[in-house]
Structures are given as C-alpha cells and as structure tokens.
Amino acid sequence: EIHRFSDRKEQLVMGRAEDRAEQYRNPTFFTICNYEQVLRDIMVIESSKWDLIILDEGQRIKNWEAQTTRIVKSLKSRFALVLSGTPMENRLDELYSVVQFVDGRHLGPGFRFFNKYRITDDKGYVLGYQKLDELREQLKPILLRRTRDMVMKDLPPRNTEIIHIPPTDEQRQLHTAHMQIVASITRKSFISEMDLLRLRQALLMCRMTADSTKLVDKQGPGFSTKLQTLD
C-alpha cells in the first residue's frame, strides 16, 4: 500500500531482539511493527524520536486498563493517527480511550466526561448514555468518518465463486447416519417437541460434518476436504 501511494521507503520490524533494536533506529520513512512487538521493545522504541505514530485497528487500545493500551499510550510523537472500523464497539469508555491517544486533552478528564455523558443508577451502574449529538460535535475536529456509501464507489464489484468439494468417506458416513435420523423423524405423521429437538440436532451434526468430522466425534485429527482444499 505504501508503494501504491508514495515512493517512500519502509522497514518491517522482525527477527531477534538485537536485530529489531537496529531496525527501529533505521533512517527509512516508515517503520512498521505489531502491537506485541511494542510491548517487548518499548525501551528501544521510546529512545527514538517519532514524527507520527499510526495505530491500525485502533480498537486494540479500547480497554484503558489493558497493558497494551497503557504502553501504547506512553509513546510520544508530534502527531498521532488512529485507524479503526469500530472506534466504539460497546461502551463509551472505549471511544474515550481511543481519543486519548490522538489528543489526551480533547475530551477533558475522565470523571467529567463520564459524568456528562453517562446515565447511571443510584449504585453507579451504567444504564445508558446521553447528549450524544453534543459528543459528535465535539469529536468533529479530530474524527474523519467514512461510511459504506462513500467508499463503495471506489471498490471493485464483488466476485462470487462457488466451489463444490466432495466429502471424504468418513464425512459421508457420519452425514448419512445423521440424515437417517432426519428421514425417520420427517416420515412421522406427528412430530413431538422431543422429535423436533432431535431433528435440529441431527441437521446441525450434518452441517458440522461438512466442515470436519472432529466437530462431531471429537476425534483428532479429523477428516475435512474443505481444510485440505484451503491448504
């Protein structure tokens, strides 16, 4: 992607600890590493001066009590950018944590932020949130949002290809055994609640058998032409 949009050089951080230390100090424009490497190499990373830190999949720092979040937020740079398809998945706490990395002062202190936007009961249990339109306005200066409608025109059409994969003999035997249960139940003139449960279970077993026998009989390594084809 870097080569598509620029002629800048990049360094992928990998290898042994001593090799990684040198890679962080390289003169290339982009240095790329994963979150786990940041945890291991934080001392070396902090010793370098960064102009810009970009977090991909920014929801990785949504939990402000997690070690990854604390260490990543300790990184210093003149500019910060967070990329995420889901900056907030469940709670407003997650959004607050992500925004803190971009601008620690933008939403103010946590106690004031949560007191303003949370709705709680007498015991402090969160019941919901309020004044979200006001929060959206507050986020506008630092949030660039792209909706599906905006980006669809830049994406190629989706191609759907159906590949039929014959099962192994072991898969076929398991499937046949459970389909016999299905056949015996559906031939009945009256189906009880217990029959309905057995029918659903047998159909579920057939679907799982189509993926791998291990899902049904719990015997490893399992037989699966889907996994063989995928490999």
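This is a short walk through a few places in the structure above. Keep in mind that the model is predicted.

Let's start with helix 6. Helix 6 covers residues 92–102. How many of its residues are buried? The count is 9 of 11, so helix 6 is mostly covered. The buried ones are Leu92, Asp93, Glu94, Leu95, Tyr96, Ser97, Val98, Val99 and Phe101.

Take leucine 95, which sits in helix 6. Why does leucine 95 count as buried? Its relative accessibility is 12%, and the cut-off for buried is under 20%. Now its surroundings. Setting aside neighbours within four places in sequence, leucine 95 is in contact with Pro87, Met88, Leu135 and Leu139. There is also a link across the chain to note. Isoleucine 61 lies 34 residues away from leucine 95 in sequence, and their C-alpha atoms are separated by 9.5 Å.

Next, serine 97, also placed in helix 6. Is serine 97 buried or exposed? Buried: its relative accessible area is 0%. What does serine 97 touch? Leaving out residues up to four places away, the list is Ile61, Lys62, Asn63, Trp64, Thr69 and Lys73.

On to a pair of helices. Two packed helices are described by the angle between their axes and the distance between the axes. Here the pair is helix 7, residues 110–117, and helix 8, residues 132–139. Their axes come within 10 Å. They cross at roughly 140°. That makes helix 7 oblique to helix 8. Which residues make the contact? From helix 7, they are Phe113, Lys116 and Tyr117. From helix 8, they are Glu134, Leu135 and Gln138.

Last stop, the surface. Leu52, Ile54, Phe79, Leu81 and Leu83 form a nonpolar patch there. Together they have about 430 Å² of accessible area. Where does the patch come from? Strand 3, residues 50–55, supplies at least two of its residues. Strand 4, residues 77–82, also supplies at least two.

Pick out phenylalanine 79, which belongs to strand 4. Phenylalanine 79 has 48% relative accessibility, so it counts as partly exposed. The cut-off for exposed is over 50%.

Technical notes:
Residues are numbered from 1 along each chain as its sequence is written. This is a predicted model: local features need pLDDT of at least 70, side-chain atom pairs count only at pLDDT 80 or more; totals for chains, interfaces and linings use all residues. Side-chain values use heavy atoms; hydrogens and water are left out. Patches are made of residues with over 30% relative accessible area and no salt bridge: like charges are joined within 9 Å, nonpolar side chains (Val, Leu, Ile, Met, Phe, Trp, Tyr) within 5 Å. Accessible areas come from the Shrake-Rupley method with a 1.4 Å probe; for residues, only the protein chains shown count as cover. A salt bridge is a side-chain nitrogen of Lys or Arg within 4 Å of a carboxyl oxygen of Asp or Glu. Helices (H or I, at least four residues) and strands (E, at least two) are DSSP runs, numbered from the N terminus. Buried means under 20% relative accessible area, exposed over 50%, partly exposed in between (1.4 Å probe, protein chains only). Axes are lines fitted to C-alpha atoms, for helices over the stretch in contact, and angles run from 0 to 180 degrees between N-to-C directions. Angles under 35 degrees count as roughly parallel, over 145 as roughly antiparallel, 65 to 115 as roughly perpendicular and the rest as oblique. Contact means heavy atoms within 4.5 Å.
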